[in-house]
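Good morning, and thank you for coming.

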Amino acid sequence: MTMTKIDMEEILALHYPNTRTLLHYNNPFELLIAVILSAQCTDAMVNRVTPDLFKAYPNAEALAHADLDNLEELVRRTGFYKNKAKNIKATASMLVKKYKSKVPRELEELTSLPGVGRKTANVVRGHIWDEPGIIVDTHFGRVMRRLGFTDATDPIKVEQDIQQIIPKERWLRLSMTANYHGRDLCKSRRPLCEQCFLQEVCPSREL
Ligand code: SF4
């Protein structure tokens, strides 16, 4: 069966209709902090930690002045907690000093914040402002390689390859659906190809 990459994107979208992040948030500040905390951690664990965190530090001003020991304790369960506590405090300080306590919208501004890379910036831009962006994390990169969208491992190259194939307005959708597919079926060690709805067209299927 011949199928274009655009067709594959549509099939992924049909199977994963929810294209929102699983992280809980009420405003751009909370989303930004939650995404920083989600590095090397499950969304479910971040969602367990953030209610108490945002109760203690509900905005950038409060977080910028947080006691570091207390902050470490609050984010400990997300792993790498010393670094994460340091980064979210420093990010909050920069929001206060440079951006009037608001989360900036531009990619370059976001990626200048401590602990914020292109992945985090694109999650925030996509979910808050519907800005087109490709969110390359480990799941997304793996699924895109297995399905033949790219053979790159460098995240920037992966982004560029996808940008050539998929129209802008679908970038965020594909970012989320491929991510969910990677968590759900196209798992890292043993992909569940026998259950996969793309097995007929996937060049990497293992049946
Ligand atoms: S057939 Fe297997 S390798 Fe291909 S997308 Fe599905 S789970 Fe992944």
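I begin with the shell around the ligand, which by class comprises six nonpolar, three polar and two charged residues. Please bear in mind that this is a predicted model.

Which residues make up that shell? They are R146, L147, H181, C186, P191, C193, C196, Q199, C202, S204 and R205. As for the space that the ligand takes, this is the largest cavity.

Let me now turn to the chain as a whole. The assignment divides it into domain 1, covering 5–18 + 134–195, and domain 2, covering 28–129. Taken over C-alpha atoms, the centres of domain 1 and domain 2 are 26 Å apart.

How do the two domains meet? On the side of domain 1, nine residues are in contact with seven residues of domain 2. The size of an interface is often given as the accessible area lost when the parts come together. Here, domain 1 and domain 2 bury about 630 Å² between them, and 60% of that area is on carbon and sulfur atoms. Of the area that domain 1 buries against domain 2, I135, E159 and L172 supply 52%, more than any other three residues.

Finally, I come to charged contacts. How many salt bridges are there between domain 1 and domain 2? The count is two.

Thank you for your attention.

Note on methods. Residues are numbered from 1 along each chain as its sequence is written. This is a predicted model: local features need pLDDT of at least 70, side-chain atom pairs count only at pLDDT 80 or more; totals for chains, interfaces and linings use all residues. Side-chain values use heavy atoms; hydrogens and water are left out. A residue is near a molecule or strand if one of its heavy atoms lies within 4 Å of it. On a 1 Å grid over the protein atoms alone, a cavity is a set of points where a 1.4 Å probe fits but cannot get out, and a pocket is an open set with protein on both sides within 12 Å along at least five of seven lines; lining residues have an atom within 4 Å of a point. A molecule sits in a cavity or pocket if more than half of its atoms lie within 2 Å of its grid points. Ala, Val, Leu, Ile, Met, Phe, Trp, Tyr, Cys and Pro count as nonpolar, Asp, Glu, Lys and Arg as charged, and the others, Gly among them, as polar. Domain bounds come from an automatic or database domain assignment. Contact means heavy atoms within 4.5 Å. Buried area is the accessible area (1.4 Å probe) that two parts lose on being put together, summed over both. A salt bridge is a side-chain nitrogen of Lys or Arg within 4 Å of a carboxyl oxygen of Asp or Glu.
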